[in-house]
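Let's take a walk through this structure together. Have a look at the picture before reading on.

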Amino acid sequence: MHFESLSDFFAMGGYAAYVWSAFGITFLAMLILWVMSVSRGKKLLKEVQAKVDRQARIDAAKNMENTL
């Protein structure tokens, strides 16, 4: 589609409210998904590290048990 000026582009031939709200909603949804993914990833890494640390403590305790 060819526009005469920048204001015509932003007006989108009378459909600006629909077009720009659709872009805004899409951008907002993608931003929310990205933030949630990053926070879940960090939470998952912390949980895995806690399990690894716990297993290391259990293994160390078993080794100490065998030395008595």
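Helices here are DSSP runs of H or I at least four residues long, numbered from the N terminus (strands are E runs of at least two). This is a predicted model, where local features need pLDDT of at least 70, side-chain atom pairs count only at pLDDT 80 or more, and totals for chains, interfaces and linings use all residues. Residues are numbered from 1 along each chain as its sequence is written, and side-chain values use heavy atoms, with hydrogens and water left out.

Let's begin in helix 1, which covers residues 6–11 and holds Asp8. Asp8 is partly exposed, at 32% relative accessible area; that label sits between buried (under 20%) and exposed (over 50%), using a 1.4 Å probe and protein chains only. Skip the neighbours within four places in sequence, and Asp8 touches Phe3 and Gly13, where contact means heavy atoms within 4.5 Å. Now look for Lys62: 54 residues separate Asp8 from Lys62 in sequence, and their C-alphas lie 74 Å apart in space.

Met12 is buried, with a relative accessible area of 16%. Its phi is near 55°, a positive value in a residue other than glycine.

Moving on, helix 2 spans residues 16–66 and includes Leu31. Why does Leu31 count as partly exposed? Because its relative accessible area is 38%. Leu31 also belongs to a nonpolar surface patch, together with Phe27, Leu28, Ile32, Trp34, Val35, Met36 and Val38. Patches take residues with over 30% relative accessible area and no salt bridge, joining like charges within 9 Å and nonpolar side chains (Val, Leu, Ile, Met, Phe, Trp, Tyr) within 5 Å. A salt bridge is a side-chain nitrogen of Lys or Arg within 4 Å of a carboxyl oxygen of Asp or Glu.

Note on methods: Areas by Shrake-Rupley, 256 points an atom, 1.4 Å probe, with all protein chains shown as cover.
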